[in-house]
Amino acid sequence: MSSNEKLVEFRNVSFRYGAEQPWVLKNCSFEIDREEWVAIIGHNGSGKSTIAKLMNGLLFPQEGEIYVAGKKVQEDTIWDVRKDVGMVFQNPDNQFVGTTVQDDVAFGMENRGFPREEMLQRLDDVLHAVGMVDYRLTEPHRLSGGQKQRIAIASVLAVSPKVLILDEATAMLDPRGRRDIMQTVAHLQANKDVSLLTITHDLQEIVQADRVIVMNEGQVWDESHPRELFSKQDDLLAIGLDVPFIASLAKALKQTGIPITKEPLNHEELLEELWTLHSRT
């Protein structure tokens, strides 16, 4: 949960990939608190992945300012900023550099000069955190897609970033792999001192977030809790976002006269609501 202490600030940020290109972000402002889980969603081209690259200093805005842990993101601060911001991308194969899992997880720590004893302790800690301790001597290319993403997450966690960004990190996984990664992420958020930013177009992945930022055509279209957001189904469909099946089912039940009072985030909540209503009749 958020500690109400600002970690990331976007102040009226605008960005485009060339002087003759359309604006990808337009006057975009938001904040992320320490230990807060924020999900950014939007259709393709809405600007959500550009936000991740700006936050990590891979890009710089033409207008506005970005702050991470009190530091303005600019060319002379990017190496300090990148110590605070860790990123996991869609394809984990692009992030592997080691011949074994433990070599890959240790790589970032070696680059930063961590003492050997601390490296070994952190290696054990992060592999336990992502449920991959039994694979430390495995070659990364022998892992499944979901396992590779767990190792990519562990490699970033090992250097203790203040904010962890998952940029469409489950897009290449099957439904079970997506579910497993989101369970891992939820566990990390509950047990690690880290803010979490998940960037996705899949509304199924936002239910555990503290807050959701919806991007549309380069602007912040909405900021709300997932439960509140799911009540805006028609508006979400209008900007090209699919609505989770549970939310659609709850709406259909309401239209038949079933008095569902709380917007369900998952099937367990919907079943509990229906059971409660049944018990009263």
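This is a predicted model: local features need pLDDT of at least 70, side-chain atom pairs count only at pLDDT 80 or more; totals for chains, interfaces and linings use all residues.
Student: Which residue does arginine 11 form a salt bridge with?

Tutor: For a salt bridge, look for a Lys or Arg side-chain nitrogen within 4 Å of a carboxyl oxygen of Asp or Glu. Here the partner of arginine 11 is glutamate 65, with the closest N and O atoms 3.9 Å apart. Arginine 11 sits in strand β1 (residues 6–15) and glutamate 65 in strand β4 (residues 63–68), so the pair ties together parts that are 54 residues apart in sequence. Glutamate 65 is partly exposed too, with a relative accessible area of 27%.

Student: Okay, what about aspartate 84 and lysine 71?

Tutor: Their side chains meet in a salt bridge at 2.7 Å, N to O. Aspartate 84 belongs to helix α2 (residues 78–84) and lysine 71 to strand β5 (residues 71–72), so this pair ties together parts that are 13 residues apart in sequence.

Student: Where do arginine 227 and glutamate 269 lie in the chain?

Tutor: First, the contact itself: their side chains meet in a salt bridge, 2.8 Å from N to O. The pair links distant parts of the chain, with arginine 227 in helix α7 (residues 226–230) and glutamate 269 in helix α10 (residues 267–280), 42 residues apart. Arginine 227 is partly exposed, with a relative accessible area of 22%, while glutamate 269 is buried, with 18%.

Student: Now helices. How many residues of α1 are buried?

Tutor: A general idea to start with: an α-helix has 3.6 residues a turn, so residues three or four places apart point the same way. As for α1 (residues 48–55), this helix is mostly covered, and six of its eight residues are buried.

Student: Which ones are they?

Tutor: Lys48, Thr50, Ile51, Ala52, Leu54 and Met55 are the buried residues in α1.

Student: What is the phi of glycine 57, which follows α1?

Tutor: Glycine 57 has a positive phi, near 75°.

Terms used: Residues are numbered from 1 along each chain as its sequence is written. Side-chain values use heavy atoms; hydrogens and water are left out. Buried means under 20% relative accessible area, exposed over 50%, partly exposed in between (1.4 Å probe, protein chains only). Helices (H or I, at least four residues) and strands (E, at least two) are DSSP runs, numbered from the N terminus.
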